[in-house]
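Trainee: I would like to learn how to read a model of this kind, feature by feature. Could we go through one together?

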Amino acid sequence: MVPMQTEPLFVRVHEASRLLGVPRSTLYREVQRGSIPSRKIGGAVIIPKWFVVEGGEPDGGHTTRSTQR
C-alpha cells in the first residue's frame with residue numbers, strides 16, 4: 001500500500017510571505033494585531049494553509065486571534 005501524501009495544514013510565516021507576495025514584517029505585524037489567524041509553536045508562528053490559499057488579506061476581517069503562550 002502506498003502512503004497518501006497530504007498537504008500541510010499550516011505554513012510558517014516565511015512560506016506564507018512567499019506565497020502571498022507580502023513582506024514577512026507585514027504578516028508578523030498583522031498576526032500580532034490578530035488580523036491573521038495563527039498559532040505560535042515554540043518559536044515558530046504558523047498560519048493556516050486555507051488562509052494563504054484563499055489569498056488572505058492582512059485586514060481580511062478574520063476574527064480568530066493569535067494564541068501565544
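Predicted model: local features only at pLDDT ≥ 70, side-chain atom pairs only at ≥ 80, totals over all residues.

Trainee: In what order do the elements run from the N terminus on?

Mentor: Helices (H or I, at least four residues) and strands (E, at least two) are DSSP runs, numbered from the N terminus. The protein has three helices and three strands, and the order of its elements is β-α-α-β-β-α. Among contacts between residues at least 6 apart in sequence, 58% join residues at least 24 apart.

Trainee: How should I read the sides of a helix, and which residues of H1 are buried?

Mentor: An α-helix has 3.6 residues a turn, so residues three or four places apart point the same way. Buried means under 20% relative accessible area, exposed over 50%, and partly exposed in between (1.4 Å probe, protein chains only). In helix H1 (residues 13-20), the buried residues are Val 13, Ala 16 and Ser 17. They lie on the same side of H1 because they cover an arc of only 105° around the axis, the arc being that of the directions from the helix axis to the C-beta atoms. Their cover includes S1, helix H2 (24-33), strand S3 (44-48) and H3. Leu 19 is also found in H1, but it counts as partly exposed, at 41% relative accessibility. After H1 comes Gly 21, whose phi is positive, near 70°.

Trainee: Which residues of H2 are buried, and which exposed residues does the face turned away from them carry?

Mentor: Thr 26, Leu 27, Glu 30 and Val 31 are buried in H2. These residues cover an arc of only 135° around the axis, which puts them on the same side of the helix. The face turned away from that buried side carries the exposed residues Ser 25 and Gln 32, whereas the cover of the buried residues includes H1 and S3. H2 is followed by Gly 34, with a positive phi near 90°.

Trainee: How many residues has the largest nonpolar core?

Mentor: A nonpolar core is a set of buried Ala, Val, Leu, Ile, Met, Phe, Trp, Tyr and Cys residues joined through side-chain atoms within 4.5 Å. The largest one here has 11 residues, among them Val 11, Val 13, Leu 27, Ile 47 and Phe 51. H1, H2, S3 and H3 each supply at least two residues of this core. Leaving aside neighbours within four places in sequence, Val 13 is in contact with Arg 24, Leu 27, Tyr 28, Val 45 and Ile 47. Of the 69 residues of the protein, 35% count as buried.

Trainee: Which residues form the aromatic pair, and how is such a pair described?

Mentor: A pair of aromatic rings is described by the distance of the centres and the angle of the planes. Rings of Phe, Tyr and Trp (its six-membered ring) pair if their centres lie within 6.5 Å; planes under 30 degrees apart count as stacked, over 60 as edge-to-face and the rest as tilted. The structure holds one aromatic pair, formed by Trp 50 and Phe 51, which is edge-to-face at 5.9 Å centre to centre and 75° between the planes. Trp 50 is partly exposed, with a relative accessible area of 40%, whereas Phe 51 is buried, at 2% relative accessibility.

Key:
Residues numbered from 1 in each chain as written. Heavy atoms only, no water. Contact = heavy atoms within 4.5 Å.
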